[in-house]
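Please walk me through this protein structure. I am new to it and would like a plain tour.

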Amino acid sequence: MGRILFRKGERGIATSYVSRKQALKKLGLSLKDFRRLCILKGIYPVEPPNKRKANKKSSTNKTYYFLKDIQFLSHEPLINKFRDFRVFVRRLKKAIGKQDQDTSQRLRENQPIFKLDHVVKERYPTFVDALRDLDDVISMCFLFSSFPKSHSIKVELIHLCRRLTVEFLHYIVETKALRKVFVSIKGIYYQAEIMGQTITWVVPHTFGFNRPTDVDFKIMVTFAQFYSTMLGFVNYKLYSSINLKYPPALAVSCSSEELMNGEEDSTEFIAALNLSLKSTLGNNVEEEEEIDEFPEMSNDENIQEQKAKSEEIKKFKNLFSGCKIFLNREVPKESLLFIIRCFGGEVSFDKTISLGATFDENDLTITHHIIDRPLGTKQYINRYYVQPQWIYDSVNAQMLLPVELYFPGELLPPHLSPFVEEKEGDYIPPEKQALLDFQSGRTRTLSRVEDFNDEDESDSESDKETVEEKSESPDKNQNRKDSKKRKAQDMNSESKKSKMKVSQGVSLKEDPAKIAQKEATEEKRLAIMAMSKKDKHLYQKIIFGQKRKNKEVLKLKEKRQEYEKQQRLQKKLAKHL
């Protein structure tokens with residue numbers, strides 16, 4: 001048989017990739033519709049291993065896709081919907097140009113609508129796959145729920161994202177799935193455990209909206225459309241798993257029903273997050289997960305460890321149980337209300353702010369009052385007045401922290417991130433170490449850490465001399481320096497005389513611990529020499545990583561010492577001025 005001759009570009013890399021221009025021609029779409037389709041279907045550009053071969057020996061810079069991905073997109077029903085919408089826009093513009101109101105109205109009523117249900121089912125065949133990808137979904141929906149109406153963002157999408165996020169928060173409240181919370185400059189980070197999956201999302205702060213100029217909102221809207229469809233499926237599945245009615249309805253008492261005058265008021269009550277939802281079984285009884293017990297494995301360490309962990313989680317879920325908390329007007333109401341309800345606490349606010357208040361400020365059974373401004377003349381002696389950070393720090397510490405550190409007007413302790421977990425050998429800030437000691441029971445009280453107040457005697461003497469030198473006149477400073485030089489010369493002469501003395505010899509006794517240490521060091525050196533070249537290279541990389549880590553820890557300690565030294569000096573200078 002003779003050899004089969006192939007022309008250039010008929011096999012290999014050249015047939016596995018296509019450029020974006022070729023993909024647009026094959027699919028018959030505009031660049032805008034092609035981008036939307038790729039986002040919805042999860043198709044992204046790729047980098048060929050050899051661009052010259054993929055481009056048939058040409059060096060032109062292009063964007064490439066897998067040929068099989070483009071062939072997969074060619075069978076997508078959304079392509080026809082995009083074409084129909086393009087025709088609709090062309091006809092609508094023509095009717096508006098002719099000022100034909102009847103035709104334009106008829107076209108708007110028959111506007112092509114496409115659904116993304118089949119795309120969600122295609123990309124996430126199992127519910128666990130959807131949960132694993134839920135971080136970006138929740139964050140994007142919360143972001144769009146805070147946007148104002150604009151030309152590129154329709155009000156229907158904003159309201160849809162708001163409704164879906166409220167439904168998701170209600171599920172977290174009902175299951176008490178919240179685990180961590182952190183307030184940062186970007187927003188408030190939350191972390192929850194849902195069906196064994198860890199979900200982390202961020203909610204932006206409620207500030208005024210400043211539209212950025214370097215963001216393409218059309219692309220973001222495409223993501224939001226897909227994410228809102230996906231979140232609707234997830235919410236339905238989550239509500240069904242705990243026997244809650246979907247769409248959610250309130251399990252209200254008679255007194256609350258009198259306040260509700262229709263569906264709009266019901267939606268506002270649901271958005272308040274302060275009332276329980278209606279169950280399909282008639283009662284909202286939370287089922288606790290129980291660990292199966294086997295008599296023959298009752299002494300297993302893993303079983304005992306899981307029991308202890310489940311007890312800790314059960315106790316943590318009822319962190320604010322027994323606390324009746326009132327929120328002042330200036331605090332972040334939705335965030336604090338959501339967190340307190342997730343951990344079994346009762347919470348309310350001023351009923352003039354919004355719907356959903358369950359008790360008033362003058363209720364004598366209130367245990368804590370969250371306030372973020374100076375105390376007024378009207379105070380109640382039977383409750384604690386604390387700043388909002390007490391809620392967040394107590395959740396991260398998994399225990400109710402002392403309220404005296406969070407009284408109004410007090411300098412608050414650092415708000416430490418719960419997402420940073422120090423390993424062995426890492427630098428631990430003194431505030432974090434004090435909290436760990438308090439959690440483990442090594443210390444009975446948790447006080448504010450001020451290491452610069454507990455200085456050593458040597459540091460205090462040197463600092464005192466420094467402050468006195470700064471406060472004294474130049475002549476006194478010069479005399480002080482001369483006296484120090486004379487003392488140093490006298491000490492040097494005495495040390496020289498002491499070196500000239502002859503003392504009786506003493507027999508050297510070897511320490512057994514030092515001998516064992518020398519033997520261990522020698523064995524380690526021989527073991528390293530006996531390693532293969534590959535293992536020795538790996539060992540050297542491990543040692544290099546440990547040294548680099550130790551340098552970083554030492555650098556952080558030095559920065560902390562320098563900070564404490566500056567604080568001591570400033571404090572002493574303030575006393576002398």
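**A pocket, a sheet and some turns**

Helix H11 supplies eight residues to the lining of the second largest pocket, the largest share. The model is predicted, so local features need pLDDT of at least 70 and side-chain atom pairs count only at pLDDT 80 or more, while totals for chains, interfaces and linings use all residues. Residues are numbered from 1 along each chain as its sequence is written, and side-chain values use heavy atoms, with hydrogens and water left out.

Some terms come first. Helices (H or I, at least four residues) and strands (E, at least two) are DSSP runs, numbered from the N terminus. A pocket is found on a 1 Å grid over the protein atoms alone: it is an open set of points where a 1.4 Å probe fits, with protein on both sides within 12 Å along at least five of seven lines. Its lining residues have an atom within 4 Å of a point. Rolling a probe the size of a water molecule over the atoms shows where empty space is left.

Stay with the second largest pocket. Its volume is about 1600 Å³; this is the space filled by probe spheres set on the points, and grid points are joined across faces, edges and corners. The lining counts 34 residues. Arg36, Phe85, Lys154, Val221 and Gln225 are the ones nearest the centre of the pocket. Which helices each supply at least two residues of the lining? They are H2 (31-41), H5 (78-97), H10 (155-175) and H11 (217-241). By class, the lining has 16 nonpolar, seven polar and 11 charged residues. Here Ala, Val, Leu, Ile, Met, Phe, Trp, Tyr, Cys and Pro count as nonpolar, Asp, Glu, Lys and Arg as charged, and the others, Gly among them, as polar.

Now step back to the whole protein. It has 21 helices and nine strands. Of its 577 residues, 32% count as buried. Buried means under 20% relative accessible area, exposed means over 50%, and partly exposed lies in between (1.4 Å probe, protein chains only). Take contacts between residues at least 6 apart in sequence: 61% of them join residues at least 24 apart. A contact means heavy atoms within 4.5 Å.

Next comes a sheet. Three strands form an open sheet in the order E3-E4-E5, with antiparallel pairing. Strands E3 and E5 (197-203) are the edges, and each pairs on one side only. On average, neighbouring strands of this sheet are turned by 15° against each other, direction ignored. Two strands pair if DSSP finds at least two bridges between them.

Look at the first pairing. E3 (residues 178-183) and E4 (residues 188-194) are joined antiparallel over five bridges. Val181 stands opposite Tyr190 in E4, and Leu178 has Ala192 as its bridge partner. Four residues lie between the strands of this hairpin, where Gly187 takes a positive phi near 160°. Why is E3 largely enclosed by the rest of the structure? Five of its six residues are buried. E4 is also largely enclosed, because five of its seven residues are buried.

The other pairing runs antiparallel too: seven bridges join E4 to E5. Ala192 stands opposite Ile199 in E5, and Gln191 has Thr200 as its bridge partner there. Helix H16 (residues 389-397) packs on the sheet and touches E3 and E4. The direction of H16 makes about 135° with that of E3. Axes are lines fitted to C-alpha atoms, for helices over the stretch in contact, and angles run from 0 to 180 degrees between N-to-C directions. H16 is mostly covered, with nine of its nine residues buried. Among them are Trp390, Ile391 and Tyr392. Gln398 follows H16 and has a positive phi, near 60°.

Return to the turns. Two residues separate E4 and E5 in their hairpin. Met195 sits in that loop. Its phi is positive, about 50°, although Met195 is not a glycine. Is Met195 buried or partly exposed? It is partly exposed, with a relative accessible area of 46%. Leu273 also has a positive phi, near 65°, and is a residue other than glycine. Leu273 lies in the loop between H13 (263-271) and H14 (301-317). Leu273 is buried, with a relative accessible area of 1%.

One loop holds a cis bond. The peptide bond from Tyr246 to Pro247 is cis, with omega near 0°. Pro247 lies between H11 and H12 (254-257).
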